[in-house]
Amino acid sequence: MRNPIKLLALALALPAAAAMASETAPSPDTEAKIRDLLTGQGYVVTEIEAEDGLFEAEATKNGKAYEFHLNDQIEVVKIEEDSEDD
């Protein structure tokens with residue numbers, strides 16, 4: 001007989017592992033859409049990742065660094081100017 005506690009633990013761990021994997025790397029299509037959006041506005045995109053249910057893109061423009069937070073519809077919901085103090 002299989003151990004039901006081990007099976008339950010495995011069943012609960014698999015979705016969490018999948019969610020964690022999606023938190024670090026958006027799909028290539030999503031990444032391309034984010035790059036197109038920001039480069040079309042004159043930004044140079046340096047990094048894109050998924051975190052806390054949003055996509056985060058780091059970009060620079062005119063010597064300033066920014067962090068963009070985008071929702072799953074690739075809409076900017078927040079922009080933060082990065083400072084040297086971070």
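The questions and answers below concern a predicted model.

Residues are numbered from 1 along each chain as its sequence is written, and side-chain values use heavy atoms, with hydrogens and water left out. In this predicted model, local features need pLDDT of at least 70 and side-chain atom pairs count only at pLDDT 80 or more, while totals for chains, interfaces and linings use all residues.

Student: What percentage of the 86 residues count as buried?

Tutor: Buried means under 20% relative accessible area, exposed over 50%, and partly exposed in between (1.4 Å probe, protein chains only). Of the 86 residues in the chain, the buried ones make up 22%.

Student: What separates Lys33 and Asp29 along helix α2?

Tutor: The side chains of Lys33 and Asp29 form a salt bridge (a side-chain nitrogen of Lys or Arg within 4 Å of a carboxyl oxygen of Asp or Glu). Lys33 is partly exposed at 44%, and Asp29 is partly exposed at 48%. They lie 4 residues apart in helix α2 (residues 28–39), so the separation is about one helical turn.

Student: How far apart are the closest N and O atoms of Glu80 and Lys78?

Tutor: Glu80 is partly exposed, with a relative accessible area of 29%, and Lys78 is partly exposed at 43%. Their salt bridge has its closest N and O atoms apart by 2.9 Å.

How values were computed
Helices (H or I, at least four residues) and strands (E, at least two) are DSSP runs, numbered from the N terminus.
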